[in-house]
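Reader: Please take one part of this model and go through it closely. I would like the strand pairing first, and then whatever else bears on it.

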Amino acid sequence: YATDGKGTCVCGATTTCAHNYGEYISDGNATCEQDGTKSATCSICKHVDTVTDAGSKLNHAGIAGLFGV
């Protein structure tokens, strides 16, 4: 049973995990200037894969007038 995402088992044996990632979920870290990230966890070895959440950059253009910007 691999635990480090690199195929190293708790017993010390090594193997290659084919990774079975579930749904990618937003990490909630998008800003006004940058897209955020989203992550998924492998159901086999528990490795977490994090990728850019393209298009998640916050768009404050609609509220700019509220703050005099």
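Author: β1 and strand β2, which covers residues 37–41, pair in the antiparallel sense over two bridges. Within this pairing, I25 stands opposite S39 in β2. All of this is read from a predicted model.

The pair belongs to an open sheet of three strands, ordered β1-β2-β3, with antiparallel pairing. β1 (25–26) and β3 (48–52) stand at the edges, and each has a single partner strand, so one side of each is left without a neighbour in the sheet. As a general point, strands of a sheet pair through backbone hydrogen bonds, in either a parallel or an antiparallel way.

For the chain as a whole, the count is three strands and zero helices. Read from the N terminus, the elements follow one another as β-β-β.

Next come the aromatic residues. A search of the whole structure finds one aromatic pair. The pair is formed by Y21 and Y24, with 6.3 Å from centre to centre and 50 degrees between the planes. It counts as tilted, because that class takes the angles that are neither under 30 degrees (stacked) nor over 60 (edge-to-face). As for accessibility, Y21 is partly exposed at 25%, and Y24 is also partly exposed, with a relative accessible area of 30%. Both labels follow because partly exposed lies between buried, under 20%, and exposed, over 50%.

The structure holds zero disulfides; a disulfide here would need a pair of cysteine sulfur atoms within 2.5 Å. C45 is buried, with a relative accessible area of 0%, whereas C32 counts as partly exposed at 43% relative accessibility.

Some totals put these residues in context. The protein chain has 69 residues, of which 17% count as buried; C45 is buried too. The accessible surface of the chain comes to about 5000 Å², and carbon and sulfur atoms account for 54% of that surface. Turning to contacts between residues at least 6 apart in sequence, 31% join residues at least 24 apart.

Key:
Residues numbered from 1 in each chain as written. Predicted model: local features only at pLDDT ≥ 70, side-chain atom pairs only at ≥ 80, totals over all residues. Heavy atoms only, no water. Pairing = 2+ DSSP bridges. Helix = DSSP H or I, 4+ residues; strand = E, 2+ residues; numbered from the N terminus. Buried < 20%, exposed > 50% of the residue type's maximum accessible area, 1.4 Å probe, protein only. Contact = heavy atoms within 4.5 Å. Areas by Shrake-Rupley, 256 points an atom, 1.4 Å probe, with all protein chains shown as cover. Phe/Tyr/Trp six-rings, centres within 6.5 Å; stacked < 30°, edge-to-face > 60°.
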